[in-house]
Amino acid sequence: MLEYGDHKHLAHCLSTETGQRVGPSMSEHALIVRNLTKSYGSVRAVDGISFAIRRGAIFCLVGPNGAGKTTTMEMIEGLKQPDSGEIVLLDMRLPQELGRAKQMIGVQLQTTGLFERLTAGELVNLFRSFYARPVPAADVLKAVSLETKSDQLVSQLSGGQQQRLAVALALVNDPELLFLDEPTAGLDPQARREVWRLIQSMKQREKTVFMTTHYMDEAEKLSDEVAIIDYGKIIAHDAPRNLVAGLNKANVIEFSTDSDVTDNQFSGLRSVSAATVLNKNVVLYTTDVKECLVDVLNLSQSLSFEIKDMQFRNPSLEDVFIELTGRMLRE
Ligand SMILES: Nc1ncnc2c1ncn2[C@@H]1O[C@H](COP(=O)(O)OP(=O)(O)OP(=O)(O)O)[C@@H](O)[C@H]1O
Ligand SMILES: [Mg+2]
């Protein structure tokens with residue numbers, strides 16, 4: 001298991017290798033995006049979005065499948081051409097200064113077709129050859145706990161190991177701004193935590209991270225700022241704690257039922273401030289848990305539905321998404 005010390009070691013190697021530093025003359029933002037738009041045929045994948053990421057921040061773009069996360073990211077990385085809009089990446093305008101900007105960013109793509117017939121080490125060295133002052137291959141592999149896999153063919157790595165190798169490839173140039181598109185998708189809990197630590201170590205070194213995820217808990221835990229994207233539009237953008245505080249809902253009661261209950265049956269209760277029912281899963285917001293419990297039990301008697309797997313919790317980012325869209329992210 002990778003410890004913090006390993007990342008510090010990597011940090012030392014990385015900073016002495018390239019000597020790149022964020023100077024005081026640079027602007028406060030690592031990325032500024034204005035009115036970015038892209039359609040595929042009749043599908044408006046990205047619909048006029050604007051946002052900025054402060055230097056040194058961990059920024060998380062969250063949203064359901066097909067919301068436009070990858071399209072947004074790939075336009076900023078210079079891989080897809082926007083229909084319209086402005087992008088300023090590390091004080092460089094795109095697409096005019098893309099060549100220079102590319103030297104300073106690291107990109108992990110969502111679907112990486114890795115060269116399966118190379119070994120992990122060979123693949124890292126291939127990517128290192130694209131840059132003037134690459135980080136030593138061993139340090140890059142160590143950062144994702146693959147130091148023992150250098151001589152193994154990529155095709156013989158597990159899915160999770162390939163995923164981590166894709167993250168490693170984004171680190172070979174010690175980027176100022178790291179793009180990670182669902183870096184923890186498909187990883188087991190331990191590997192997920194390792195990627196989290198890697199992301200946090202970037203922040204400790206004053207680097208900027210732009211990531212996407214499906215996991216609201218991950219976004220809430222890791223990021224300084226979260227933007228929620230839905231149907232190509234950013235519908236909320238703030239620090240996670242501000243987004244949750246903005247809900248102004250003290251407690252959440254969640255349970256499943258065995259019959260087709262509806263939102264209205266619950267939102268009519270005096271103790272319930274809001275209710276969402278999806279696939280027989282009921283989410284209730286209340287400021288009075290006790291009273292709400294009594295109300296729910298009474299209702300279960302009168303409508304004769306079963307209550308299963310009841311949970312009590314504090315509101316989370318997931319609830320912000322439900323409030324804004326009337327849907328659950330994990331639908
Ligand atoms: N190359 C393409 N051609 C046509 N439509 C596309 C293409 N790429 C994406 N789309 C469509 O654009 C929309 C946004 O897709 P995008 O991949 O950006 O979403 P996403 O938020 O990254 O989703 P996911 O969480 O599944 O990765 C979707 O409706 C998708 O079907
Ligand atoms: Mg995507």
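Which residue in S14 is the bridge partner of Ile253?

I looked this up in a predicted model, where local features need pLDDT of at least 70, side-chain atom pairs count only at pLDDT 80 or more, and totals for chains, interfaces and linings use all residues. I note that residues are numbered from 1 along each chain as its sequence is written, that chains are lettered from A and ligands numbered from 1 in the order written, and that side-chain values use heavy atoms, without hydrogens and water.

Entry on strands. I found that Ile253 has Phe312 in S14 as its bridge partner. I took strands (E, at least two residues) and helices (H or I, at least four) as DSSP runs, numbered from the N terminus. S11 (residues 251-256) pairs with S14 (residues 308-313) in the antiparallel sense over 4 bridges; pairing requires at least two DSSP bridges between the strands. I also looked at S13 (residues 281-286), which runs antiparallel to S11 and is joined to it by 6 bridges. There, Tyr285 is the bridge partner of Val252. I see 5 of the 6 residues of S11 buried, so the strand is largely enclosed by the rest of the structure. Buried means under 20% relative accessible area, exposed over 50%, partly exposed in between (1.4 Å probe, protein chains only).

Entry on helix H4. In H4 (residues 120-128), I found Ala120, Gly121, Leu123 and Val124 buried. They lie on the same side of H4, because they cover an arc of only 165° around the axis, taken from the directions from the helix axis to the C-beta atoms. The buried residues of H4 pack against H5 (137-143) and H6 (159-169), with contact meaning heavy atoms within 4.5 Å.
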